[in-house]
Amino acid sequence: MSGWGAGPSQDPFDGLRVAWCGRTSTEDLQDPTLSLPRQLDNSRAALPPGAVIVAHFYDIESGRKNLEDRGYGTAHERFAIPIPRDGGIQDLLAEAARDNRRFDAVICEGIDRISRRTFYGTKIEHELEQLGVALFAADEPITLNGKRATAILTRRVKQGIAEWYAVQMMEASWDGLRTHTQQGWNVGRPPYGYAADKVPHPVPAKAADGKCKTRLVPDPVRGPAITQIFTWRVTERLGYGDIADRLNADHDRYPPPESLNPNFRGRNAWGRSGIREMLLNPKYTGYMVWNRKATTSRRGSSRSMSNPPSAWIWSEHPTHEPLITRETYEAAQKVGRARATSRTGSEANGHRQTRHTYLLRSFVYCDLCDRRMFGQTETRRKVGEYAYYCCQPSINHKGREDRFPGHPKIVRVREDTLIDAVHDLFQRRIFGPQRHELLAAELPVSSDKAEQEWQSRCAALNKSITDLARKQDRLIAQIEDNDADPEFSRRMQARFTELETQRRTKAEELALAEANPPARDHQVDLLHMIPMLQTRLGDLPGALQRKLFAAFHLEIRYDDQAQVALIRVTLDAETIEGVAAMAEHIPGNDKSCPLDADSCCRRFSTCPRQDSNLRHPL
């Protein structure tokens, strides 16, 4: 060591300069104003006479954080700690590497104060040792005679116990929260649409302190707003902003959520981020769900990260009254993945740099990844300008090509090709005079195909559930045969839990599929209520075409591998009303009337002809 020394008869600790290193856990778990002074007193009392503490380094943070993320917090600034602070763990290591450092050794109350993870504790110890700085612990023998074998054994045992204790406490806490979720208790503030039904805490001591546990009960005023939000999202595929606009138009019917931050500028109003959080919250299905988010910290700043759905903990059964069905929730998640940030509405993009308006924007999907395809225009020499619809997952996922395995880097299909196909479908099969014959010929084939696909999917899900159950049975047998190996049993149990999550997911998919078989009774009479269109669809204004497409719930799915586009339209009572409302704006709709003006029936009322099901042609 540098900066100090001792003669043959001199005490080796006389004049030894020591830096004290302290750490206490997060401020909400311990009182740093008590813990840190106690650590300093114990460290000072353990030092031999002649050694003196000349610097103080301490942090208020978890000892399980990665070393590169430690020492940057500011939690110590929130407390009146009666100890001067020369920095944190990073400052201690930085000064130890300098030639003019103020200390020759470092002391802590216990080795777990350096780190709760053995790897980082030994790493810090090794780095200090290489720099000629000894690391002492107040609860270990402090010697400088060079004999370290027993000290190393003692320290490594203590480090292992400290890490085991931390992991064991986390696992126990995790299991407790899992049970807490299964029993239906809510964690945190009730989500909008629910109120808290507070129950006295079952532990008498905690109940005496006024603590309680809460279940969720529907809020009679705000609950219907949640149901309406999901309905708009699923049936009309509205974006967050459009939903917020509708809600803000009627605060009496849809009271906005109260902001936790009184300085937030959007308080007392619906916002996009709030709508998004509600649409992502599975608690509205009546199930209690935990572990949706994880808090991570890096360089002193904490942030909340969303866990993948596979890591969520769901209660086995509904625990509170649902505001939506689970099927509605799943349908809402599909809308979010499909929209891919696309705008809602049929209006043209008003941005000043817009050069091309895409007629089929928001109606075209990539069949490989179920995402909306975006418009792209390309100009070629001597050929002209071509518009395409494209799918490029790496754009929205930071270059990740593994997001959708097997997906090409870019999928493109010509816009004019799709428009011609859409116009042909509407002109012949929706508004054309032969539409009934075409439907009658197509319906049995498509119905049989849909039935076969549905049965195949149900059979595949059943097979997957059976295979997963068989794997679980094999794991149980292996666990029972290897009771003597705790580590092997622990890993097998973790694998069993993973398989159980997969099995439940498949079971839910099967239940959803069985509850939604393909339609067997088609309401073909609805097609009779649609007027025939003699005006070319391509001659109508683009905005009117888009409204027409939206009324028929147009969906185009492009399969790049087969180079085939599946065009689907849905006809229901709302479609009939929507087409009737647009009739006023379609030019030339009176010219096709076979009757004179005096006896002409009102548009879309029953036409006085032999077939009472026919409607007046446009």
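Student: Why does W314 count as buried?

Tutor: This is a predicted model. W314 has a relative accessibility of 17%. Buried means under 20%, so W314 counts as buried.

Student: And what makes Y287 buried?

Tutor: The relative accessibility of Y287 is 17%. The cut-off is under 20%, so Y287 counts as buried.

Student: Why is the pair of Y287 and W314 called edge-to-face?

Tutor: Take the distance of the centres and the angle of the planes, which describe a pair of aromatic rings. For Y287 and W314, the centres are 5.8 Å apart and the planes stand at 65°. Rings pair if their centres lie within 6.5 Å, and planes over 60 degrees apart count as edge-to-face. Therefore the pair of Y287 and W314 is edge-to-face.

Student: Which parts of the chain does this pair link?

Tutor: Distant parts. Y287 is in the loop between α8 and β7, while W314 is in strand β10. They are 27 residues apart.

Student: How do you know that Y358 and Y389 form an edge-to-face pair?

Tutor: Their ring centres are 6.0 Å apart, and their planes are at 65°. The distance is within 6.5 Å and the angle is over 60 degrees, so the pair is edge-to-face. This pair also connects distant parts of the chain: Y358 is in the loop between α9 and β11, and Y389 is in strand β13, 31 residues apart. Both Y358 and Y389 are buried.

Student: How many aromatic pairs are there?

Tutor: The count comes to 14 aromatic pairs. One aromatic cluster is formed by F363, F426, F431, F549 and F552.

Student: How many residues are in the largest nonpolar core?

Tutor: It has 36 residues. L360, M373, F426, F549 and L554 have the most contacts inside it. Several elements supply at least two residues each, among them β13, α11 and α15. Helix α11 gives the most, with six residues. Apart from this core lies another, of 27 residues, including Y192, F230, A244 and W314.

Student: What does M373 touch beyond its neighbours in sequence?

Tutor: Leaving aside residues within four places, M373 is in contact with V364, Y365, C366, Y389, C390, C391, V411, V413 and Y558.

Student: Why is Q545 called buried?

Tutor: Its relative accessible area is 3%. Buried means under 20%, so Q545 is buried. Q545 is found in helix α15.

Student: What makes the link between Q545 and H423 a polar contact?

Tutor: Their side chains are joined at 2.7 Å. The limit for a pair of N or O atoms is within 3.5 Å. The side chain of Q545 also reaches the backbone oxygen of L537, at 3.4 Å. Not counting residues up to four places away, Q545 touches L359, H423, L537, G538 and L540.

Student: How do you know that the length of helix α6 agrees with its number of residues?

Tutor: Helix α6 has 13 residues, at 1.5 Å a residue. The expected span uses one less than the number of residues, so α6 should span 18 Å. The end C-alpha atoms of α6 are 19 Å apart, which agrees. Buried residues in α6 include I226, F230 and W232. After α6 comes R237, whose phi is positive, near 55°.

Student: Where on helix α8 do its buried residues lie?

Tutor: The buried residues of α8 are I275, M278 and L279. They cover an arc of only 95° around the axis, so they are on the same side of α8.

Terms used: Residues are numbered from 1 along each chain as its sequence is written. This is a predicted model: local features need pLDDT of at least 70, side-chain atom pairs count only at pLDDT 80 or more; totals for chains, interfaces and linings use all residues. Side-chain values use heavy atoms; hydrogens and water are left out. A nonpolar core is a set of buried Ala, Val, Leu, Ile, Met, Phe, Trp, Tyr and Cys residues joined through side-chain atoms within 4.5 Å. Buried means under 20% relative accessible area, exposed over 50%, partly exposed in between (1.4 Å probe, protein chains only). Helices (H or I, at least four residues) and strands (E, at least two) are DSSP runs, numbered from the N terminus. Contact means heavy atoms within 4.5 Å. A polar contact is a pair of N or O atoms within 3.5 Å; within protein, one must be able to donate a hydrogen and the other to accept it, and residues adjacent in sequence count only if both atoms are side-chain atoms. The arc is that of the directions from the helix axis to the C-beta atoms. Rings of Phe, Tyr and Trp (its six-membered ring) pair if their centres lie within 6.5 Å; planes under 30 degrees apart count as stacked, over 60 as edge-to-face and the rest as tilted.
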